[in-house]
Amino acid sequence: MQQQTRSWLLLPLLALTACGTGRSADVKQSTIEQSYEVTYDEGSSQLKASASFHYEDNLGTSLKLTDGSTITFNSTPMKYSNVLNSASYNLEMPMTRTPNMPLEFRYVNNDGEVFVTEAKVPAPTSIKVPSEGTALRGDRELTVLMEGEPLFGEDEITLCLNYEPTVISTADPSVKECLYTKESLRLVFSREQLARFPRGKELTLEIKRESHPRQDNSRIRLEESFLSRPHFISLQ
């Protein structure tokens, strides 16, 4: 993906800027925000896990674990990467079906304190619209019904309608409209939204479902999502 603790590291706090990457050894544990994400992509049969650490909040300085700190996902060490001064730890593994085994991130800081964050992948949510390839009326609202587990707690579904031309240009730009819900599995694209899309071209509907479990630790953020297979439609 898209939570806290109390412990103190011994090294002094360095001056950190809003940009760049700092060392986690130089900050107090109580100011480190842990962010975790698990995504299962049914299309590629890949489970992806990512972890990142920031000073104060997810917009703060990105931190790199040092001096004995470790992060693993299901006992496997995660690989460090740094893109545009944003440090993260990632792991990918092939899975032929939605994982139902226990999943967990395990972060050990410089003082040997262990923070375990359990994760899961929500059951798939399917899209219910006319058959693929059917040309839908572009001058009417488009109602999309989704079928799956009911939403509860902090669950959220993102439904996006996309148009991606072979070559993006000012004459034929890409278009994306997204809807969000924390309540109903019924969403409606308005006529104004549909008017942005070209007629007779292939569009895709995609779902992302996220679960944000409430935890006692407010410095731990967890996002879990299941990416469904794209559903192809067109507008007339």
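Here is a tour in stops, each with something to select and something to look for.

**Before you start**

You are looking at a predicted model, in which local features need pLDDT of at least 70, side-chain atom pairs count only at pLDDT 80 or more, and totals for chains, interfaces and linings use all residues. Residues are numbered from 1 along each chain as its sequence is written, and side-chain values use heavy atoms, with hydrogens and water left out.

**Stop 1**

Select residues 70-73, which make up strand E5, and residues 103-108, which make up strand E9. A strand here is a DSSP run of E with at least two residues, and the numbering goes from the N terminus. Two strands pair if DSSP finds at least two bridges between them. E5 and E9 are antiparallel, with 4 bridges. Click on Phe 73 and you'll find Phe 105 of E9 opposite.

**Stop 2: the nonpolar core**

Next, select Tyr 36, Leu 47, Phe 53, Ile 71, Phe 73, Met 78 and Phe 105. These have the most contacts inside the largest nonpolar core, a group of 28 residues. A nonpolar core is a set of buried Ala, Val, Leu, Ile, Met, Phe, Trp, Tyr and Cys residues joined through side-chain atoms within 4.5 Å. Buried means under 20% relative accessible area, exposed means over 50%, and partly exposed is in between (1.4 Å probe, protein chains only).

Which strand gives the most to this core? That's E3, with 5 residues. Zoom in on Met 78 and look around: setting aside neighbours within four places in sequence, its contacts (heavy atoms within 4.5 Å) include Ala 49, Ile 71, Phe 73, Tyr 89, Leu 91 and Phe 105.

There's also a second, separate core of 23 residues, with Leu 151, Leu 161, Phe 197 and Leu 235 among them.

**Stop 3: a disulfide**

Show the side chains of Cys 160 and Cys 178. A disulfide joins them, S to S 2.0 Å; the cut-off is a pair of cysteine sulfur atoms within 2.5 Å. A search of the whole structure finds 1 disulfide. The link is right-handed, with 105° about the S-S bond. Cys 160 is in strand E14 (residues 156-163) and Cys 178 is in strand E15 (residues 175-181), so the link ties together parts that are 18 residues apart in sequence. Is Cys 160 buried or exposed? Cys 160 is buried, at 9% relative accessible area.

**Stop 4: salt bridges**

Switch to charged side chains. The structure has 11 salt bridges, each a side-chain nitrogen of Lys or Arg within 4 Å of a carboxyl oxygen of Asp or Glu.

Pick Glu 37 and Lys 208, whose side chains meet in a salt bridge of 3.7 Å, N to O. Glu 37 belongs to strand E2 and Lys 208 to strand E17 (residues 203-211), so the pair ties together parts 171 residues apart in sequence. Glu 37 is buried at 12% relative accessibility, while Lys 208 is partly exposed at 25%.

Then go to Glu 33, also found in strand E2 (residues 32-41). Glu 33 is buried too, at 7% relative accessibility. Along with Arg 221 and Glu 223, Glu 33 is linked in a network of salt bridges.

**Stop 5: a sheet of three strands**

Last, find the open sheet with the order E11-E13-E16, where the pairing is antiparallel. Its edge strands are E11 (126-128) and E16 (186-189), each pairing on one side only. Between E11 and E13 (residues 142-147) there are 3 bridges, and Ser 126 stands opposite Glu 147. Glu 147 also forms a salt bridge with Lys 128, with the closest N and O atoms 3.7 Å apart.
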